[in-house]
Amino acid sequence: MPDSMSEQLRQDMQCEGLLECFHGLKELDKECFRALVEADEPLTVDELAEAVDRERSTAYRAVQRLLQTGFIEKDQINYDQGGYYHVYSPTDPSQIADEMQRMLNDWYAKMGQLIQEFETKYEQTESTAPTVES
């Protein structure tokens, strides 16, 4: 991941790069998300771990990060004789896109404010600097 905005703008980014860019998700997180999108039905953590060829605990950590960012949803399936288990599915892409657009708008407003503060701070410094007369 590039460090500066100018590096990011020069980079050839794929749409999946937004997962990393907006939420700092890891390659495994993206693999898990893709596996859930490609699945015909919601998956358990065990099924997801098998799909991405990782240990259950590793897949579970990726699932937790994806849940936290809102990229996937968790549903509880109840057994008739008691007990339950969870399955995971991707969130509707339009909901994800709307949330990323809101985050981008917030970021843009914050950057605009910081740019204005920068201009104000250094404009004042420039106008109060002593002048040298020859």
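Helices here are DSSP runs of H or I with at least four residues, strands are DSSP runs of E with at least two, and both are numbered from the N terminus.

The model is predicted: local features need pLDDT of at least 70, side-chain atom pairs count only at pLDDT 80 or more, and totals for chains, interfaces and linings use all residues. Residues are numbered from 1 along each chain as its sequence is written, and side-chain values use heavy atoms, with hydrogens and water left out. Along the sequence the order is α-α-α-α-α-β-β-α. Of the 134 residues, 22% are buried (under 20% relative accessible area; exposed is over 50%, partly exposed in between; 1.4 Å probe, protein chains only). Contacts (heavy atoms within 4.5 Å) with a separation of 6 or more include 42% between residues 24 or more positions apart.

**Helix 3 crosses helix 5 at roughly 80°.** Helix 3 spans residues 27-38, and its axis comes within 9 Å of that of helix 5. Axes are lines fitted to C-alpha atoms, for helices over the stretch in contact, with angles from 0 to 180 degrees between N-to-C directions. The crossing at roughly 80° therefore makes helix 3 roughly perpendicular to helix 5 (65 to 115 degrees; under 35 is roughly parallel, over 145 roughly antiparallel, the rest oblique). Helix 3 contributes L28, D29, C32 and F33, which meet T58, A62, R65 and L66 of helix 5. This contact of helix 3 with helix 5 holds five nonpolar residues, one polar and two charged (Ala, Val, Leu, Ile, Met, Phe, Trp, Tyr, Cys and Pro are nonpolar; Asp, Glu, Lys and Arg are charged; the others, Gly among them, are polar).

**A62 and D29 face a separation of 33 residues in sequence and 5.1 Å in space, C-alpha to C-alpha.** A62 sits in helix 5. D29 belongs to helix 3. A62 has a relative accessible area of 0%, so A62 is buried. D29 is also at 0% relative accessibility and therefore counts as buried. Beyond four places in sequence, A62 touches L28, D29 and C32. With the neighbours within four places set aside, D29 contacts A62, R65 and L66.

**D53 lies in the loop between helix 4 (45-52) and helix 5 (56-69).** The phi of D53 is near 55°, a positive value in a residue other than glycine. Most residues other than glycine have a negative phi. D53 has 70% relative accessibility, so D53 counts as exposed.

**Strand 1 and strand 2 form a hairpin.** Strand 1 covers residues 72-78 and strand 2 covers residues 84-90. The strands run antiparallel, joined by seven bridges (two strands pair if DSSP finds at least two bridges between them). E73 stands opposite S89 of strand 2. Five residues lie between the two strands. In the turn, G82 has a positive phi of about 105°.

**Q95 is a residue of helix 6 (residues 93-128).** The relative accessible area of Q95 is 45%, so Q95 is partly exposed. The C-alpha atoms of Q95 and G70 are separated by 8.9 Å. Along the chain, Q95 and G70 are 25 residues apart.
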